[in-house]
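Please read them with the sequence and the structure open.

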Amino acid sequence: RELSFKDGFNEITIKAVDRNLNSVEEEIGFYVDSIKPKIVRTIPVNGFTNGYFLVKFIEQNPKMAVLNYGVIGNIKNQNIDLNNCEYERGKHSCSIQVDLSEFDGQIIKYWFELEDIVGRVVENEEIFVKVDTTLPEILNNNFWTQGTFFNKYVYFDFLIEEENFK
């Protein structure tokens, strides 16, 4: 006999009776997930990263999310704790911070993998970003006032060392 079930967790009871009216029952619980997971946004989109990444996805029953990152010959991956994700308006939003100091100054690629409870896996396209984990350095911080002690103008002269100065 065929039955159809709704997406989500379902429970059924199977009962068997023999000719002598002996019966047995078995309860079975299972998930139905007919909708493929979808990654809708990642951050950063381009430019730079200091190790902060974000993925937004649509999936009712996520099982696993993984961040893959690195350069050819040195790809690393990091599982994302789905319990720390936020859920709003049908979308999960998960952020992760990884140590990219070994890639400082290099261009890396990254992508996310998402798996649902029935084993379907989706990935977003690889995205290339430059790694900048070095903090700007202020080499001097001279300031002076012009006029009297009560003058409202103060002038600053900074010498800053930063490769990717914005």
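1. Tyr31 is a residue of strand β2, which spans residues 23–32. This is a predicted model. With a relative accessibility of 47%, Y31 is classed as partly exposed, because that class lies between under 20% for buried and over 50% for exposed. Together with F9, I117 and V118, Y31 makes up a nonpolar surface patch, and the accessible area of these residues together is about 380 Å².

2. On the overall make-up, the protein chain has 14 strands and 0 helices. Of its 166 residues, 28% are buried.

3. F57 has H92 of β9 opposite it.

4. The disulfide count is 1. The bond is between C85 and C94, with an S to S distance of 1.9 Å. The link of C85 and C94 is right-handed, at 115° about the S-S bond. C85 and C94 are both buried.

5. Strand β10 (residues 107–116) deserves a separate look. Of its 10 residues, 8 are buried, so β10 is largely enclosed by the rest of the structure. β10 pairs with strand β6 (residues 62–71) in the antiparallel sense, over 8 bridges, and here F112 in β10 stands opposite L67. β10 also runs antiparallel to strand β12 (residues 127–131), with 4 bridges between them; I107 has K130 in β12 as its bridge partner.

6. A further antiparallel pairing of β10 is with strand β11 (residues 121–123), over 3 bridges. β10 and β11 form a hairpin in which 4 residues separate the strands, and G119 in the turn has a positive phi of about 95°.

7. How many salt bridges does the structure hold? There are 6 salt bridges. In one of them, D33 pairs with R120, and their closest N and O atoms are 3.4 Å apart. This pair links distant parts of the chain, since D33 lies in the loop between β2 and β3 and R120 in the loop between β10 and β11, 87 residues apart. D33 is buried, at 9% relative accessible area, whereas R120 is partly exposed, at 26% relative accessibility. A network of salt bridges links D33, D116 and R120.

8. K63 and E115 form another of the salt bridges, with the closest N and O atoms 4.0 Å apart. K63 is in strand β6 and E115 in strand β10, 52 residues apart, and the pair links distant parts of the chain. K63 is exposed, with 52% relative accessible area, while E115 is buried, with 14%.

9. E102 and K76 are also joined by a salt bridge, their closest N and O atoms lying 3.5 Å apart. E102 is in the loop between β9 and β10, and K76 is in strand β7 (residues 74–79), 26 residues apart. E102 is partly exposed, at 45% relative accessibility, and K76 is partly exposed, with a relative accessible area of 28%.

How values were computed:
Residues are numbered from 1 along each chain as its sequence is written. This is a predicted model: local features need pLDDT of at least 70, side-chain atom pairs count only at pLDDT 80 or more; totals for chains, interfaces and linings use all residues. Side-chain values use heavy atoms; hydrogens and water are left out. Patches are made of residues with over 30% relative accessible area and no salt bridge: like charges are joined within 9 Å, nonpolar side chains (Val, Leu, Ile, Met, Phe, Trp, Tyr) within 5 Å. Accessible areas come from the Shrake-Rupley method with a 1.4 Å probe; for residues, only the protein chains shown count as cover. A salt bridge is a side-chain nitrogen of Lys or Arg within 4 Å of a carboxyl oxygen of Asp or Glu. Helices (H or I, at least four residues) and strands (E, at least two) are DSSP runs, numbered from the N terminus. Buried means under 20% relative accessible area, exposed over 50%, partly exposed in between (1.4 Å probe, protein chains only). Two strands pair if DSSP finds at least two bridges between them. A disulfide is a pair of cysteine sulfur atoms within 2.5 Å.
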